[in-house]
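Reader: Please take me closely through one part of this fold, the sheet pairing and what surrounds it, and state the cut-offs behind each term as you go.

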Amino acid sequence: MTADSLARLSHLRRSPLGHLAEQFAERSVPGPGGVRLGEVPYLAQLNLRLDPAGAAAARAGKVLGTPLPMIPGQVAVTGALRVLWLGPDEWLVVGPDGAATSVERSLRQALGADPGSVVDVSANRTTLELSGPSARTLLEQGCSLDLHPRALGPGQCAQTTVSKVQVVLDQLDAAPSYRLLVRGSFAQYLADWLLDAMGNRFSRP
């Protein structure tokens with residue numbers, strides 16, 4: 001779907017967590033010990049699978065503007081796109097709303113006749129963004145993954161669970177800011193858990 005088509009249909013779209021925008025704003029706490037939560041809906045997401053040692057990998061890197069990350073958990077950034085390593089032969093390309101069609105077309109051309117696949121999975125997940133000095137401490141309440149900067153930092157990602165919900169966790173910066181890519185059917189549960197955790201940590205009189 002093109003950006004023009006998306007613009008014409010934008011009034012018909014409903015994000016899984018759009019109804020929680022006010023609660024996200026109310027529970028977010030500014031300041032040196034604060035934390036902020038919000039939804040980043042409609043991100044383009046393309047699942048890419050190919051032989052990392054094949055010629056198609058180099059061609060895909062060329063059309064994306066960055067070599068595919070080959071180190072487990074590494075994230076490559078190119079312009080508005082983030083390329084997340086999910087496995088030895090699997091990546092998730094994440095970009096802005098409306099970018100999926102053009103990115104998918106370019107990757108299919110790069111793949112050519114070589115074995116592999118490019119699948120638009122944008123509709124499968126929405127994205128929660130958690131940021132602020134207390135973001136890591138909050139996540140640690142429901143995530144068994146070691147989130148200390150020595151283990152996970154900016155430019156790294158992981159497939160893990162938060163409050164028993166499977167997510168793709170992408171650390172954006174050292175603030176820290178995290179994106180939690182979660183399937184739409186579990187988004188409400190995860191958002192409720194995060195809101196409850198924020199309320200417990202920053203209870204107001």
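The sheet around Ser 177

Author: Ser 131 has Ser 177 as its bridge partner in β10. This is a predicted model, in which local features need pLDDT of at least 70 and side-chain atom pairs count only at pLDDT 80 or more, whereas totals for chains, interfaces and linings use all residues. Residues are numbered from 1 along each chain as its sequence is written, and side-chain values use heavy atoms, with hydrogens and water left out.

The bridge of Ser 131 belongs to an antiparallel pairing of strand β7 (residues 125–131) with strand β10 (residues 177–183), which runs over seven bridges. Here two strands are said to pair if DSSP finds at least two bridges between them, and the elements themselves are DSSP runs numbered from the N terminus, helices being H or I over at least four residues and strands being E over at least two. As background, the strands of a sheet pair through backbone hydrogen bonds, either parallel or antiparallel.

In the order β1-β7-β10-β9-β8, five strands make up an open sheet with antiparallel pairing. At its edges stand β1 (36–39) and β8 (156–162), each with a single partner strand, so one side of each is left without a neighbour in the sheet. On average, and with direction ignored, neighbouring strands of this sheet are turned by 25 degrees against each other. Helix α6 (residues 184–201) packs on the sheet and touches β1, β7, β8, β9 (165–173) and β10, while its direction makes about 140 degrees with that of β10. Touching, or contact, means heavy atoms within 4.5 Å; axes are lines fitted to C-alpha atoms, for helices over the stretch in contact, with angles running from 0 to 180 degrees between N-to-C directions.

Setting aside neighbours within four places in sequence, Arg 36 is in contact with Ser 28, Glu 129, Leu 130, Ser 131 and Gly 132. Arg 36 and Ser 177 lie 141 residues apart in sequence, yet their C-alpha atoms are 9.1 Å apart in space. With a relative accessible area of 39%, Arg 36 is partly exposed, while Ser 177, at 8% relative accessibility, counts as buried. The classes are buried for under 20% relative accessible area, exposed for over 50% and partly exposed in between, all with a 1.4 Å probe and protein chains only.

Ser 177 itself, found in strand β10, touches Leu 130, Ser 131, Asp 170, Gln 171 and Leu 172 when residues up to four places away in sequence are not counted. The pairing of β9 with β10 is antiparallel and covers six bridges, with Leu 181 of β10 as the bridge partner of Val 168, and a hairpin of three residues joins the two strands. Further along the sheet, β8 and β9 pair in the antiparallel sense over seven bridges, where Gln 156 has Gln 171 in β9 as its bridge partner. These two strands form a hairpin with two residues between them, and Ser 163 in the turn has a positive phi of about 50 degrees.

Apart from its neighbours within four places in sequence, Pro 16 is in contact with Glu 39, Thr 126, Gly 184 and Ala 187. The C-alpha atoms of Pro 16 and Tyr 42 are separated by 9.8 Å, the two residues being 26 residues apart along the chain.

Tyr 42 leads on to the pockets. The largest pocket holds about 400 Å³ of space, and among the 22 residues that line it, the closest to its centre are Arg 13, Tyr 42, Leu 43, Ser 122 and Ala 123. Both α4 (100–111) and β7 supply at least two residues each to this lining. A pocket is an open set of points on a 1 Å grid over the protein atoms alone, where a 1.4 Å probe fits and protein lies on both sides within 12 Å along at least five of seven lines, and lining residues have an atom within 4 Å of a point. Grid points are joined across faces, edges and corners, and the volume is the space filled by probe spheres set on the points.
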